[in-house]
Amino acid sequence: PGNYAEAIANVKSMIANTNVPFGAPYGGGIYPTWWESFVDVKGLRYYFNWLTTPNMVWIDLNDIDWESMDGILMLDPRDIDLVGNVLCDFTTLDGDDPMLDVCNETSASSVLEGHIGLRGVATE
């Protein structure tokens, strides 16, 4: 691959080659593929694709302050409006904003610069 985007596309393409198509019969150990996920272990970015939505999502694990993380966070990957970097779309189990430092007004633009941002809005 010539760049990072091509490398990710290559990995996604290889995974897609092993998918079982929708409509495959249930039973006998054959089931359709519902999601794909992979990790850039060097860059610490986790990618996820729910195959009934048109969008791939990811989180950059380097952007998380693990020491200040308080509790469990959740995200519904089947949400059709999610796209790109979804770190700031996570909520607490009660549905509240977890107030992640990286997602506040002053730091979000620098951390997410050059990536697709919240709900697919490109960041400058």
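1. Start with C88 and C103: they form a disulfide, with their sulfur atoms 2.0 Å apart. A disulfide here is a pair of cysteine sulfur atoms within 2.5 Å, and by this rule the count comes to one. Keep in mind that this is a predicted model, where local features need pLDDT of at least 70, side-chain atom pairs count only at pLDDT 80 or more, and totals for chains, interfaces and linings use all residues. Residues are numbered from 1 along each chain as its sequence is written, and side-chain values use heavy atoms, leaving out hydrogens and water.

2. Which hand does the bridge have? The torsion about the S-S bond of C88 and C103 is about -95 degrees, so this disulfide is left-handed. C88 sits in the loop between β5 (84–85) and β6, and C103 in the loop between β6 and α2, so the pair ties together parts 15 residues apart in sequence. Helices (H or I, at least four residues) and strands (E, at least two) are DSSP runs, numbered from the N terminus.

3. C103 counts as partly exposed, at 25% relative accessibility. The cut-offs: buried is under 20% relative accessible area, exposed is over 50%, and partly exposed is in between (1.4 Å probe, protein chains only).

4. Now look at M99, in the loop between β6 (91–92) and α2 (105–111). M99 is not a glycine, yet its phi is positive, at about 55 degrees. With 63% relative accessibility, M99 counts as exposed.

5. L44 is in the loop between β1 (35–40) and β2 (45–50). Its phi is near 55 degrees, a positive value in a residue other than glycine. L44 counts as partly exposed, at 35% relative accessibility.
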